[in-house]
Amino acid sequence: MEKVYSFNQSDSKLIEKILDDDVAMINHMILNQGEALPLHDSNSNVYMIIVRGAVTAQLGENPAKRYEHGNILNIPGKIKMNISNEDAEQAEFFVVKAPSPRLYQ
């Protein structure tokens, strides 16, 4: 009936895919101070759930903004995004893409 998905903890940078089906894709990420994701375009409707620390997001041509744990950031598809951790505390967040990028038009 139910499916259980696990995710890891780490002291170093971590990017792991937890779920990848047609309904949604879920990734779990951990960034230490000064680390970032590669600059890229969002490939679906994205919900970034920040569970620890803070991330800095620069979206499109807009100035970068800092988002703390407890925030859920919604990023529309086809937006250039730069996500980083500028703080001393480790940033941990989940990225939910719905629908899966393979179905996003």
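1. Start with I15. Leaving aside residues up to four places away in sequence, I15 touches H28, M29 and L37. Bear in mind throughout that this is a predicted model.

2. Where does I15 lie? I15 belongs to strand β1, which covers residues 14-20. I26 is 11 residues from I15 in sequence. In space, the C-alpha atoms of I15 and I26 are 11 Å apart.

3. Why does I15 count as partly exposed? Its relative accessibility is 48%. Buried would need a value under 20%, and exposed a value over 50%, so I15 falls in between.

4. Now the protein as a whole. Read along the sequence, the pattern is β-β-β-β-β-β-β-β-β.

5. Next, the overall dimensions. The radius of gyration is 13 Å. A compact globule of 105 residues would have a value near 13 Å, so the two agree. The C-alpha trace spans about 40 × 30 × 20 Å along its principal axes.

6. How much of the protein is buried? Of the 105 residues, 42% are buried. The accessible surface comes to about 6300 Å². Carbon and sulfur atoms hold 52% of that surface.

7. Contacts across the sequence come next.

8. Last, charge. The protein carries 14 negative and 10 positive side chains. The centres of these two sets lie 6 Å apart.

Notes
Residues are numbered from 1 along each chain as its sequence is written. This is a predicted model: local features need pLDDT of at least 70, side-chain atom pairs count only at pLDDT 80 or more; totals for chains, interfaces and linings use all residues. Side-chain values use heavy atoms; hydrogens and water are left out. Helices (H or I, at least four residues) and strands (E, at least two) are DSSP runs, numbered from the N terminus. The radius of gyration is taken over C-alpha atoms; the globule rule is 2.2 Å times the number of residues to the power 0.38. Buried means under 20% relative accessible area, exposed over 50%, partly exposed in between (1.4 Å probe, protein chains only). Accessible areas come from the Shrake-Rupley method with a 1.4 Å probe; for residues, only the protein chains shown count as cover. Lys and Arg count as positive and Asp and Glu as negative; His and the chain ends are not counted. The place of a charge is taken as NZ of Lys, CZ of Arg, CG of Asp or CD of Glu. Contact means heavy atoms within 4.5 Å.
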